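Hi,

Here is the structure I promised to pass on to you. Have a look at it first, and then read my notes below.

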Amino acid sequence: MHRLVGYGVGLLLVLSVWADGGISPLAPRYEASLERPTRTRGVYAIRNVTVHPITTPPIEGAMVLIRDGKIAAVGKNLTIPRGAVVYDGKGNHLYPGYIDALTTLGLTEIGSIAATIDTTETGPFNPNARAEIALNPDSELIPVTRVNGTTTVVAAPTGGILSGMGCVMNLDGWTWEEMVIKTPIGLMMNFPAPSATPNQSADARRRDWESRMRPIDEFFDNARRYLRAHQAADEDGIPAHERDPRFDAMIPILEGKLPLFVRVNSALGIQAALRWAEEQKVRLVIVGGSEAWRVADLLREKQVPVILEGVHNMPSAESEPYDEPFVLPKRLHEKGVRFCIASNDASNARNLPYHVATAVAHGLPREEGLKAITLYPAQILGLAHRLGSIEVGKDANLVLVSGDPLDIRSAVIQVWIAGRPIEMTSKHIRLYERYRKRPK
């Protein structure tokens, strides 16, 4: 991550003034996630709308009151406070803002230009890499995504084995400090799934997988030794241990304060990841999981959630039917596996509701589909107390739609992020208006 490295140098200089038992730290300690409050001030009223709270049935002809970025009241016949900014919804439909639980928004711009891609650090083990440091708040892809209803995303690093820490951000703000609402949310990991190649013997496949897992196990073992050394440093007569940013980042993972977001797709790989996580005593979230339906009973038993990397994918194997990825959400729902649907994209993150629409068209109940991009990702990310539904006390991340949000013909009329109405424009809209007025 080029910007991450440059910013990190300055950050280390600032942190050198910190005192930690008389020793200057090399990097900030990685505690459990820190949440940032909303900063919007003022009172807003959105009236004459059908409110879809997600957790309860829709309320027709209702109003939502917003105070200082939070939902203050929801219902009919509410009194509008004096001085409130009033928005007439004209009978349209108000939903909670969509949550995309896996993107590279802000970390990449143009896939063919390497200078605009900032998703990957050098080397296999980079748990200390922080996605928010590298975010580009001026990315043209951010307004393109938010004007279609997505208000909150996870920005996640990729590459290597331990890719780095992801963050949750609202798609509005001048700087990453203004955008990020929770960081870190967990460590992104590319799990080396066991091979299922038929031209190898079982012993050969086992040896191959063990050789690929060995450096990972060694890294985790060293991180635990580092943690024990620092815990012992508080005891009499034991000197302080030298700080290591990589192992500092591992502490909340080893202590169970943050989960590992493990990218793995095959059923064999998911089973191996679950066994390995139990041995390592770490919390797990499966990312990808294209064959998760094959081990759904195990995932439900272990209570491990799954973040699906979109629905518009190819089947996991040539022998599978074409609609395998389309019916995957339905299969997980029927098996009682907690899941959400993400885009795993940047330039096409705007299409998040249409991934859900495909899943609904292939058997997923519509209510479950809407929860898969609102309430369920909020729960998986530990933000259900702030996001995912229209309830009093939650952040006012809202989207006003002319009809069914899963219907591509429905127009997104207005978006609010942390209670603030967003300017409904983007590069796509500007280009549309420009060429629509082209002389004939």
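Predicted model: local features only at pLDDT ≥ 70, side-chain atom pairs only at ≥ 80, totals over all residues.

Phe219 belongs to helix H4 (residues 202–232) and Phe247 to helix H5 (residues 245–254), so the pair ties together parts that are 28 residues apart in sequence.

Phe247 has another partner too. The rings of Tyr226 and Phe247 have their centres 5.5 Å apart, with planes at 50 degrees, so that pair is also tilted. Tyr226 sits in helix H4 and Phe247 in helix H5, so here the linked parts are 21 residues apart in sequence.

Is Tyr226 buried or exposed? Its relative accessibility is 3%, so Tyr226 counts as buried. For Phe247 the relative accessible area is 11%, which means buried as well, because the cut-off is under 20%.

Together, Phe125, Phe219, Tyr226 and Phe247 make up one aromatic cluster. Arg246 lies over the face of Phe247, at 5.6 Å from the ring centre. Over the whole structure, a search turns up seven aromatic pairs.

Next, helix H8. It covers residues 324–335, and at 1.5 Å a residue its twelve residues should span 16 Å; the end C-alpha atoms are 16 Å apart, so the two agree. Its buried residues include Phe326, Val327, Leu328 and Leu332. What covers the buried residues of H8? Helix H7 (296–302), strand E13 (306–309), strand E14 (339–342) and helix H9 (352–361) are among the elements that do.

- Thr183 and Pro184 are joined by a cis peptide bond, with omega about -15 degrees. Pro184 is part of strand E10 (residues 180–190).
- Lys281 is not a glycine, yet its phi is positive, near 60 degrees. You will find Lys281 in the loop between helix H6 (267–280) and strand E12 (284–288), and at 67% relative accessibility it counts as exposed.
- Ala418 also has a positive phi, near 55 degrees. Its loop runs between strand E16 (412–417) and strand E17 (420–421), and at 9% relative accessibility Ala418 counts as buried.

Cheers

Conventions:
Residues numbered from 1 in each chain as written. Heavy atoms only, no water. Helix = DSSP H or I, 4+ residues; strand = E, 2+ residues; numbered from the N terminus. Expected span 1.5 Å × (residues − 1). Buried < 20%, exposed > 50% of the residue type's maximum accessible area, 1.4 Å probe, protein only. Contact = heavy atoms within 4.5 Å. Phe/Tyr/Trp six-rings, centres within 6.5 Å; stacked < 30°, edge-to-face > 60°. Lys NZ or Arg CZ within 6 Å of the ring centre and 35° of its normal.
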